[in-house]
Amino acid sequence: MKKLSVIALVGIGLLAASCDKTKSADAAATGTEQAVAESKGEVLAVDTVASVVNWKAFHKGGMAPRWGTLSVKSGDLSVEGGNVAAGNFVIDMNSIKVDPASVTEKDKKPADLEAHLKNPDFFDTAKNPTSDFKITSVTDLKEAPKDAVAGANKTVSGNLTLSGKTMNVTFPAKVDVTEGSAAIQAKFTVNRADWGIKFGTSEADPAEWMISKDIEIAVDVKAKK
């Protein structure tokens, strides 16, 4: 019986490793909250209609991924000398959507998963209706990692607040600045447990163990006069 259990565990491990290829963004470097960059130069309002945050979450090993969107509620980007110098945007956590295409099980519904993500197990949107990102620095990117967003040319650092906790994250991004407009695109992975979102992370409970700590975030924020 023990031999069978070992073989089964090895098989699960190999399956998890083989499914891990579904992840397509490198982990963001995380650290403690930093001083926010000073707003200066031309301040452009975030276009909340054209901007969006895409998310993707996984079961262990990348299996049974779920994905969807979040709406950007407000924000601005500061441009000085042809570069984004500062900025922030606010995410409406109650706008979280689960793409029906990611729910293939007959006994599960996207609306039920959305409700679960909003409850205290995850983002507790009644208590924390918004999340936000505040830029702390934007620097030139010498060489983009292979999994960075296409055209990445900058390294962006900022304070990301989720569920009331703030951590600094750093990731490669594509930053475009034109006359009267600016845009930031990026994709990166964070460990939700760093923000205290720990449901499904206990390896003592097999039912929870299968839920990955990783959340893949894809940001597409556009600002204009």
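How many aromatic pairs does the structure hold? There are 4 aromatic pairs in this predicted model, where rings of Phe, Tyr and Trp (its six-membered ring) pair if their centres lie within 6.5 Å. Local features here need pLDDT of at least 70, side-chain atom pairs count only at pLDDT 80 or more, and totals for chains, interfaces and linings use all residues of the predicted model. Residues are numbered from 1 along each chain as its sequence is written, and side-chain values use heavy atoms, with hydrogens and water left out.

**Aromatic pairs**

- F133 and F171 form a tilted pair, because their ring centres are 5.8 Å apart and their planes lie at 45 degrees (planes under 30 degrees apart count as stacked, over 60 as edge-to-face and the rest as tilted).
- F133 sits in strand β6 (residues 130–140) and F171 in strand β8 (residues 165–178), so this pair ties together parts that are 38 residues apart in sequence (strands are DSSP runs of E, at least two residues, and helices runs of H or I, at least four, numbered from the N terminus).
- F171 also pairs with F188, this time stacked, at 4.2 Å centre to centre and 10 degrees between the planes.

**Burial and cluster**

- Both F133 and F171 are buried (under 20% relative accessible area, with exposed over 50% and partly exposed in between, using a 1.4 Å probe and protein chains only).
- The relative accessible area is 5% for F171 and 3% for F188, which is buried too.
- One aromatic cluster is formed by F89, F133, F171 and F188.
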